[in-house]
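Please consult the sequence and the model shown below while reading.

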Amino acid sequence: MQQINVSGNEAGQRLDKLLGKYLSEAPKSFVYKMLRKKNITLNGKKASGNEKLNVGDVIKLFLADDTIDKFSKKTTFSCTNVTLDIIYEDKDILLINKPVGMLSQKASNKDVSVVEHLISYLISSKQITEEEMATFKPSVCNRLDRNTSGLIAAGKTLVGLQELSRMFKDRSLSKYYLTIVCGKIDKPSRIKGYLQKNERTNKVVVSAISNEDASPIETEYRPLKIGTDCTLLEVHLITGKTHQIRAHLSSIGHPILGDFKYGNEKINSILKQKYGLKHQLLHAYKVVFPELTGELLALSKKEFEAPLPKYFRNIAKDKGVL
């Protein structure tokens, strides 16, 4: 027999959903059969599976240990030995300053991403156990390109994950980027378009005309300082699509410096030779939380910033825009 004591990270979901995570390799028919036969009980009583769980509920599995082992997907976690640049942390969320080169989430099983570094940090600091990971996994709520640096928001608890995900989905959490683009931009603007992704090339195309495969996008920017041949921009990401900022700015004739996918090949070659720059100068530097109530009340209307990477600052100073 094994027992699950429902914590805040399991509460709020249906019993059958939690059992589906705990016995992830078991057929649904097996789980419901065990419930009918009272081999799985909730608070000492027979359960159907559709009960909503509360903190403190007790689930007992009157099953042989080898049966539970057979149907439980065993995941082992090893320390990644990477120190995260944490901008903010409370009991529910983390804001992490992701460096260039680090994946936000895995693209393949062999990858190591911010998620793995996050879990490693939480386990090593005893904020979560490997046993608890069977029914809840902390994760990030937004993604940045591998070669875009800046703020990644992560949920440490179910409440944190749900609330952050809601804010990203309804766009109430404002996201701001700093970038240096080719050419001079002397006034702020809010631009719209339609973005279509080519899965084969992992590249997107922006157009002014809609079609059934395209997603509407909206990007707002304002110039902070104009150099001789470039401009430092603050970009407010209204929608959040793959490569949106890079492709959208390129489509209006102001590609980002260092962007070899959407940028100016000649200019980028000079930057690579002079500074060793091999990626776009794009940094997610600020998030602004909306007015909040409930569990994340302490974050209501708060702003958080991630400092620019050293290489970005050096190039910006050399270009006369910082």
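In this predicted model, Glu163 counts as partly exposed, at 24% relative accessibility. Its side chain meets that of Arg166 in a salt bridge, with a distance of 3.1 Å from N to O. Arg166 likewise counts as partly exposed, at 36% relative accessibility.

**Salt bridges**

- The structure holds 13 salt bridges, and the pair of Glu163 and Arg166 is one of them.
- Glu163 and Arg166 are separated by about one helical turn, because they stand three residues apart in helix α5, which spans residues 158-170.
- Arg190 forms a salt bridge with Glu220, and the closest N and O atoms of this pair are 3.5 Å apart.
- Arg190 is partly exposed, with a relative accessible area of 46%, and Glu220 is partly exposed, with a value of 26%.
- Salt bridges with shared partners join Lys91, Asp92 and Glu295 into one network.
- Lys91 is in the loop between β5 and β6 (93-98), whereas Glu295 is in the loop between β14 and β15; the pair links distant parts of the chain, 204 residues apart.
- Lys91 counts as exposed at 56% relative accessibility, and Glu295 is exposed with a relative accessible area of 53%.

**Aromatic pairs**

- A search of the whole structure finds three aromatic pairs.
- The ring centres of Tyr88 and Phe304 are 4.7 Å apart and the ring planes stand at 45°, so this pair is tilted.
- Tyr88 lies in strand β5 (residues 86-89) and Phe304 in strand β15 (residues 303-305), and their pairing links distant parts of the chain, 216 residues apart.
- Phe289 and Phe304 form an edge-to-face pair, because their planes are at 90°, with the ring centres 6.0 Å apart.
- Phe289 lies in the loop between β14 (282-288) and β15, and Phe304 in strand β15, so the contact ties together parts that are 15 residues apart in sequence.
- Tyr88, Phe289 and Phe304 form one aromatic cluster.
- Both Tyr88 and Phe304 are buried, Phe304 at 13% relative accessibility, and Phe289 is buried with a relative accessible area of 3%.

**A charge over a ring**

- Lys286 lies over the face of Tyr176, at 4.8 Å from the ring centre.

Note on methods
Residues numbered from 1 in each chain as written. Predicted model: local features only at pLDDT ≥ 70, side-chain atom pairs only at ≥ 80, totals over all residues. Heavy atoms only, no water. Phe/Tyr/Trp six-rings, centres within 6.5 Å; stacked < 30°, edge-to-face > 60°. Helix = DSSP H or I, 4+ residues; strand = E, 2+ residues; numbered from the N terminus. Buried < 20%, exposed > 50% of the residue type's maximum accessible area, 1.4 Å probe, protein only. Lys NZ or Arg CZ within 6 Å of the ring centre and 35° of its normal. Salt bridge = Lys/Arg side-chain N within 4 Å of Asp/Glu carboxyl O.
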